[in-house]
Amino acid sequence: MAKYMEKKQWIFVLTIGLGTMLNPLNSSMISVALTRLQHDYQLSFADVSWLISIFYLASAAGQPVMGKLSDMFGAKKLFLSGLIIVTAACLLALFSPNFLFLLGCRALQAIGSSALFPSGMSMVRSHISKNQAHALAVLSVFASTSAAFGPSISGFLIAAWDWHAIFWINFPFTIIGFVLAIFILPKTESGTIDIRRIDFKGIFLFIASIVGLILFLLSLDGYIRWWALLIFLVGGILFYVQEKGHNEPFIDIQSLKKNRNVTMVYLQFTSINTVYYCYFFGFPTFLQQVQGYTEERTGLIMLALAGFGVIVSPIAGGLIDRHGSKLPMMIGAVLLLIGTGLLLTYRETSPLLWLLVIMAVLGMSNGFNNISTQTALYEHVNPEDTGTASGLFQTSRYLGSILSGSLLGLTFNRQLDLSQFHLVAMVCFTFCLLIVAMSWKLPGQMEISREKKV
């Protein structure tokens with residue numbers, strides 16, 4: 001009987017894992033497809049970079065909403081609905097008549113996949129009491145691995161077929177996941193339906209403000225859109241006022257003001273992701289359009305960035321267990337600084353091996369940064385605030401990803417060569433110095449212990 005229950009729990013976790021991996025997988029697979037899409041739709045890089053921004057913007061807005069809808073309508077219903085939305089979005093994307101339609105499909109894909117994580121986590125917490133931490137760790141592996149190896153998977157798919165393949169690949173996961181979910185996932189009760197709990201006004205102002213910022217940044221190399229800057233500033237002020245007065249705000253401004261260490265972690269994580277995703281999305285485009293590599297070979301080269309991040313993650317975890325978050329955080333920040341500095345030494349005549357070394361250093365930095373910043377966050381929040389803090393942590397990731405897309409769109413828009421990629425690296429180097437400073441500023445384990453005693 002015990003073995004049967006263990007087997008049933010394994011299938012339960014697998015079912016949820018098939019859903020929760022779709023958001024990180026689809027967010028990363030687009031990196032190798034950007035060049036092909038740019039050519040097919042005859043777009044500038046600034047235009048095609050919206051495929052990055054729209055996905056993360058929809059995810060940032062969608063996840064907190066879906067978390068509340070999961071409580072209202074039941075986690076299983078929302079999980080199944082998310083799989084249906086992703087399937088529909090991918091099917092529509094295959095027949096996109098124009099780029100705007102494809103952007104809409106990407107947004108719908110992000111919203112559907114955003115429903116899967118909060119509903120899946122809710123079912124794990126509610127129905128797995130034994131080895132719950134192990135189950136959560138397995139789901140984390142699903143998400144991190146799919147995100148890390150998305151470019152490599154995308155490279156092989158596009159080389160074998162076309163960019164449409166990155167949407168086709170979703171169907172086996174959504175169909176199998178849907179069938180398993182019907183029979184494996186437990187029925188969950190619906191809660192009280194109160195749409196007023198969702199801060200729609202705050203979400204709208206957040207989206208309007210971020211879109212204004214993106215439009216302004218992308219215009220800096222030509223005719224500057226001052227009206228977009230005005231939208232960003234006015235939207236940001238109205239957003240601040242709205243969040244201060246809402247009972248369940250989209251972003252809890254008051255808690256951020258009270259806990260400066262937590263705010264520092266969010267700013268640091270936003271900066272880390274701005275730098276990392278500049279490379280994550282920038283390298284595939286550079287390798288294809290400047291170095292002339294095929295999508296398949298680009299995907300293989302990207303393994304250096306992804307693989308080393310996965311390899312060092314257990315080492316980072318061990319350091320955290322022994323010394324707390326600050327030491328691995330400093331290591332990650334310094335590695336990111338070193339990797340960015342090394343990128344500035346790369347020349348047209350440099351061998352591929354040197355580029356692989358640089359990507360390996362940057363990949364290792366990501367392995368240290370991801371786990372250490374998340375641990376640092378939990379060291380500075382009360383246990384009852386963990387859920388809200390985790391949501392804002394993901395929002396920080398999305399903001400960094402959106403900013404990276406805007407930076408790449410601005411620098412790669414008119415021309416793409418090594419000097420432009422070096423320009424990206426120089427901007428990132430400034431961010432890296434800021435990241436190192438913030439890592440140093442955050443209190444270590446002993447300081448945290450003293451603060452808690454006081």
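## Overall dimensions

For 454 residues, a compact globule would have a radius of gyration near 22 Å, and the protein chain, at 21 Å, agrees with that. The C-alpha trace spans about 60 × 55 × 50 Å along its principal axes. The model is predicted.

The protein chain has 21 helices and zero strands. Of its 454 residues, 53% count as buried. Among contacts with a separation of 6 or more, 82% join residues 24 or more positions apart.

## Confidence

The mean pLDDT of the protein chain is 85, and 91% of the residues score at least 70. Among the elements, helix 17 (residues 326–343) has the highest mean pLDDT, 94, and helix 21 (residues 445–453) has the lowest, 50.

Over residues 1–5 pLDDT stays under 50. For this stretch the model has zero contacts beyond four places in sequence.

## Aromatic pairs

The structure holds 21 aromatic pairs. In one of them, Tyr56 and Tyr398, the ring centres are 6.0 Å apart and the planes meet at 40°, so the pair is tilted. Tyr56 belongs to helix 4 (residues 50–73) and Tyr398 to helix 19 (residues 386–411), so the pair ties together parts 342 residues apart in sequence. Both Tyr56 and Tyr398 are buried.

Phe216 and Trp226 also form a tilted pair, with 5.9 Å centre to centre and 45° between the planes. Phe216 lies in helix 11 (residues 200–218) and Trp226 in helix 12 (residues 226–245), so this pair ties together parts that are 10 residues apart in sequence.

## Ring cluster and a charge over a ring

Ring pairs link Phe45, Tyr279, Phe283, Phe286, Tyr346, Phe412 and Phe421 into a cluster. Elsewhere, Trp440 has the charged end of Lys326 over its ring, 5.5 Å from the ring centre.

## Surroundings of Thr285

Thr285 is placed in helix 14 (residues 260–289). At 0% relative accessibility, this residue counts as buried. Leaving aside neighbours within four places in sequence, the contacts of Thr285 are Ser31, Leu34, Thr35, Phe45, Val290, Phe412 and Leu416. Among these contacts are Phe45 and Phe412, which are also members of the ring cluster.

Thr285 and Leu180 are 105 residues apart in sequence, and their C-alpha atoms are 37 Å apart in space.

## Cysteines

The count of disulfides is zero, with sulfur atoms required to lie within 2.5 Å. Cys90 is in no disulfide, and the nearest cysteine sulfur, that of Cys105, is 8.6 Å away. Cys90 counts as buried at 0% relative accessibility.

Cys278 is likewise in no disulfide. For Cys278 the nearest cysteine sulfur is that of Cys428, at 4.0 Å. Cys278 also has 0% relative accessibility and counts as buried.

Conventions
Residues are numbered from 1 along each chain as its sequence is written. This is a predicted model: local features need pLDDT of at least 70, side-chain atom pairs count only at pLDDT 80 or more; totals for chains, interfaces and linings use all residues. Side-chain values use heavy atoms; hydrogens and water are left out. pLDDT is the predictor's confidence in each residue, from 0 to 100. Helices (H or I, at least four residues) and strands (E, at least two) are DSSP runs, numbered from the N terminus. Contact means heavy atoms within 4.5 Å. Rings of Phe, Tyr and Trp (its six-membered ring) pair if their centres lie within 6.5 Å; planes under 30 degrees apart count as stacked, over 60 as edge-to-face and the rest as tilted. Buried means under 20% relative accessible area, exposed over 50%, partly exposed in between (1.4 Å probe, protein chains only). A charge sits over a ring if NZ of Lys or CZ of Arg is within 6 Å of the ring centre and within 35 degrees of the ring normal. The radius of gyration is taken over C-alpha atoms; the globule rule is 2.2 Å times the number of residues to the power 0.38.
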